[in-house]
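Here is a short briefing on selected local features of one protein model. Keep the sequence and the 3D view open while reading.

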Amino acid sequence: MPLRFVAFILLSLSAHAAELLVKHYPQAAQSGCMTCHGQIEMIREPGSKMLEQIMEKGAKLGDPAGCIVCHGGDSEALTKEAAHAGPEFYRDPGSPWVNDKTCAQCHSEQCDAQWRSLMMTEAGKIQGTAWAFGGLSGYEHVWANYAVKNPSDPHARHGTDTYRQYMELLKRLEPGVFVDKHEPLPEALGFQDLAKLKDKPELAAFTYIRTECQRCHHAVKGREVRGDFRGMGCSSCHIPYGNEGLYEGADPSIAKDKPGHMLVHSIQGTREAKVTANNVCYSGVPVETCTTCHDRGKRIGVSFQGLMESAYESPASADGKGQPALHTKHYIAMQQDVHYQKGMSCQDYHVSSDVHGDNFLAASNLAAVQIECADCHGTPDKYPWELPLGFMDEFAEKPATGPGRGVAQEQLKHTRQGTVFDKKDGYLLTVRGNPYENVVRDGNEVIIHTAGGKDLRIKPLKLLLVQNLLSPAAKTAMCQVKGHLDRMECYTCHSSWTPQCYGCHVTIDYTQPNPHDYYSLAAALKAPGPGNGGKEAFDWVAAGRKHAEPAHRTDRGESGYPTIIPGKISEQRSYTRFEDIILGVNGEGRISPLAPGCQVSATIIGPDGKPIITNHIFRTPAGTEGSGDKGQLSIDMSPTQPHTTTKNARSCESCHTSEKALGYGIGGGRLTRPWDEKHIVDLETANDKEILSRNAKVQMEAIEGLEHDWSRIVTEDGVQVQTVGHHFKLSRPLNNAERTKMSRQGACQACHQTLPEKDLAVSLLHHVAAVTGQIPKSGAEHDALLSKILHTSAWSKAGVAALLLGGVGFGVWRWRRKRRTV
């Protein structure tokens with residue numbers, strides 16, 4: 001009996017509940033891989049088409065366990081070193097640097113598209129950071145992590161012909177976002193370049209981008225701390241990693257106390273792909289997998305789960321210490337998105353090309369995502385299939401018109417390897433014309449098939465209206481005030497909260513132990529490099545490019561890479577909020593929530609340890625964002641989809657009587673004192689506030705140019721005071737006409753400035769109401785009174801008008817009669 005088979009039998013005797021590959025495929029025991037990995041979890045559930053194909057292909061390649069189909073290596077070797085040797089052993093087969101040899105055997109379209117997907121290019125994030133440092137690339141999305149360009153054939157775009165035509169239209173409307181190519185992101189300052197900072201401190205932006213912002217792109221494994229463990233490329237999403245980064249499967253050859261490993265050795269994805277971890281079986285991609293990356297920036301992943309970033313470590317953990325850091329942050333528990341509560345994960349409403357890409361470049365989230373609320377919910381007037389393409393995705397300031405989009409009868413060819421659901425009356429179409437493979441029409445209802453195993457049946461808004469199931473508030477907002485659906489995103493009203501981190505105070509510290517080495521170019525050329533005790537950080541983009549080298553193509557991470565550059569980043573906030581969402585116009589031309597984007601106030605410390613700039617807000621190019629020759633402050637309030645959807649919409653008052661919602665700032669921007677003034681706190685005189693102590697220190701330094709609060713985007717006169725979006729042409733604050741139409745501040749005074757004694761008739765009625773007990777004592781009674789007054793006034797005026805018209809008619813009749821008599 002072969003030695004490897006004996007070893008496999010011995011390992012099997014200690015196996016616990018997890019099913020073994022050899023149980024279903026006895027021939028697998030003959031593979032050398034099973035000598036060490038005999039108890040590892042099956043990559044897919046037994047009997048699945050994918051596993052059958054792997055086993056069949058493995059047999060043809062000489063590996064009866066099929067391991068080398070994905071991992072390469074030598075399945076006949078007798079030692080680990082020999083089995084794992086050579087350039088064609090893939091520790092992470094999903095890595096984009098090798099998946100053309102692995103995943104692409106069956107999923108070539110997705111692997112081709114990955115290099116143009118936003119999760120790889122991160123072009124929007126790069127442009128946004130460059131914008132915060134003075135609009136280094138203007139509105140253009142020039143750079144990506146790697147050089148990349150679109151295919152020359154327009155038919156290479158994944159999707160229907162209708163979708164391709166739609167995207168060509170968007171490209172004509174927004175050529176700066178739907179670009180043909182990206183240039184590689186410029187290098188950050190090296191140890192020999194630090195002398196340039198004195199004249200061009202904005203170059204520090206590339207240090208910031210490379211060491212902080214880009215650690216999440218698919219071509220690297222990224223920062224391995226609690227909550228951030230993941231694979232690379234396809235494995236980023238399709239291989240489960242727990243937040244602790246520990247392996248919890250049955251393979252004894254994988255350390256269970258060393259972070260950085262998958263949770264179990266199985267692929268997660270569609271409903272059919274069953275994964276078992278600790279005797280719990282699940283399907284689909286868990287939300288926390290997505291949150292591994294989507295916990296920063298707009299924070300949509302953690303928000304979807306109901307987590308709001310906090311500056312505090314409370315409440316205490318069970319051991320009496322502070323709350324453990326997750327994604328290096330601490331949180332408070334907030335209301336969760338209603339879709340999350342219903343059991344939907346991100347993949348249940350984001351279609352394949354939203355995440356994999358459609359094989360063409362789209363340089364921002366809004367550009368890449370092709371779904372809208374109305375795609376499933378419709379409107380009170382139209383079912384989803386009756387809506388025209390482009391509804392709520394117009395990239396224009398008027399609603400889309402045209403024939404109903406209908407439904408699709410077929411899936412896209414490149415997605416048919418996933419679960420195929422009964423299409424019923426047809427697959428619903430996205431706003432851009434691609435089928436939702438998991439969302440179908442059934443009569444006048446919609447069924448959403450979740451990857452987690454639920455079949456959610458929903459009634460579109462039109463059916464709810466027909467069955468009189470809409471609340472009075474909903475009918476008022478959507479049916480009576482039609483302008484809401486014509487100009488607003490649904491989530492403008494239905495988002496319950498959004499994270500708002502005001503003021504991003506970024507310090508980039510380039511302090512070096514021998515600063516004289518960096519004062520001149522000649523000296524800098526001889527300056528010591530990394531590891532000299534100076535401030536430095538890891539360059540994630542350089543690490544990704546390191547993987548492109550043949551010697552590092554198969555590495556499963558970046559540990560030990562010499563991609564160290566000068567500069568240490570630290571970040572602080574002025575303050576945070578989550579309530580009372582600000583409104584503005586997004587790139588689609590619709591009114592949407594806003595939240596602070598990159599509101600950078602930069603402090604840059606030179607190699608000598610002295611500040612080059614302190615609390616500095618850069619300015620955008622002259623004439624941009626409502627500015628003059630000086631340019632606009634490059635702090636940005638960004639249009640956002642908060643991912644905190646709730647069934648019950650925000651109140652009318654939260655918009656129509658809110659200075660913050662209008663864009664004037666929290667409390668109208670009056671609650672904070674000017675940020676462009678120094679503030680000293682010490683003993684002072686009462687009258688003229690003269691500081692008494694000669695040793696008094698400045699408590700808060702001035703931020704030059706910031707004459708208003710971080711939350712204020714526009715003045716009451718319509719002057720824009722910071723940027724609002726920087727990707728699309730249409731994003732902006734609400735204009736004068738929109739704010740005037742929206743504002744109902746002081747509406748109470750219209751009645752109460754007269755009540756109870758400022759007018760004889762009003763005083764009489766108020767007295768009668770008081771005597772008879774009819775003065776309203778609750779909100780409902782108050783609303784009923786206002787409704788009665790409105791109807792009484794309307795009918796009174798209608799009666800007067802009728803009498804006048806009747807009188808005129810009677811007069812005309814009498815006049816004509818007299819003329820006939822004469």
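In which loop is the place of Pro 315? Pro 315 sits in the loop that runs between strand 6 (307-310) and strand 7 (330-333). The model is a predicted one.

**Backbone exceptions**

- In general, most peptide bonds are trans, and most residues other than glycine have a negative phi.
- The bond between Ser 314 and Pro 315 is a cis peptide bond, with omega at about -5°.
- Arg 299 is not a glycine, yet its phi is positive, near 60°.
- Look for Arg 299 in the loop between helix 13 (287-291) and helix 14 (300-304).
- Asn 468, also not a glycine, has a positive phi of about 55°.
- Asn 468 belongs to the loop between helix 19 (461-466) and helix 20 (472-480).

**Buried or exposed?**

- Arg 299 has a relative accessible area of 9%, so it counts as buried, the cut-off being under 20%.
- Asn 468 has 52% relative accessibility, so it counts as exposed, the cut-off being over 50%.

- The loop between helix 12 (235-238) and strand 4 (274-277) holds Asp 251.
- Asp 251 is buried but has no salt bridge.
- The side chain of Asp 251 does make a polar contact of 2.7 Å with the side chain of Ser 253.
- Beyond its neighbours within four places in sequence, Asp 251 contacts Cys 36, His 37, Gln 39, Ile 40, Glu 41 and Lys 256.

**The largest nonpolar core**

- In soluble globular proteins, nonpolar side chains tend to be buried together.
- Here the largest nonpolar core has 25 residues.
- Tyr 502, Leu 583, Ile 617, Leu 706, Trp 710, Ile 713 and Met 742 have the most contacts inside this core.
- Strand 16 (582-585), strand 17 (591-596) and helix 26 (659-662) are the elements that give two or more residues to the core.
- Strand 16 gives the most, with three residues.
- Leu 706 touches Ile 617, Leu 633, Ile 635, Trp 675 and Asp 676, when residues up to four places away in sequence are not counted.

Notes:
Residues are numbered from 1 along each chain as its sequence is written. This is a predicted model: local features need pLDDT of at least 70, side-chain atom pairs count only at pLDDT 80 or more; totals for chains, interfaces and linings use all residues. Side-chain values use heavy atoms; hydrogens and water are left out. A nonpolar core is a set of buried Ala, Val, Leu, Ile, Met, Phe, Trp, Tyr and Cys residues joined through side-chain atoms within 4.5 Å. Buried means under 20% relative accessible area, exposed over 50%, partly exposed in between (1.4 Å probe, protein chains only). Helices (H or I, at least four residues) and strands (E, at least two) are DSSP runs, numbered from the N terminus. Contact means heavy atoms within 4.5 Å. Lys and Arg count as positive and Asp and Glu as negative; His and the chain ends are not counted. A salt bridge is a side-chain nitrogen of Lys or Arg within 4 Å of a carboxyl oxygen of Asp or Glu. A polar contact is a pair of N or O atoms within 3.5 Å; within protein, one must be able to donate a hydrogen and the other to accept it, and residues adjacent in sequence count only if both atoms are side-chain atoms.
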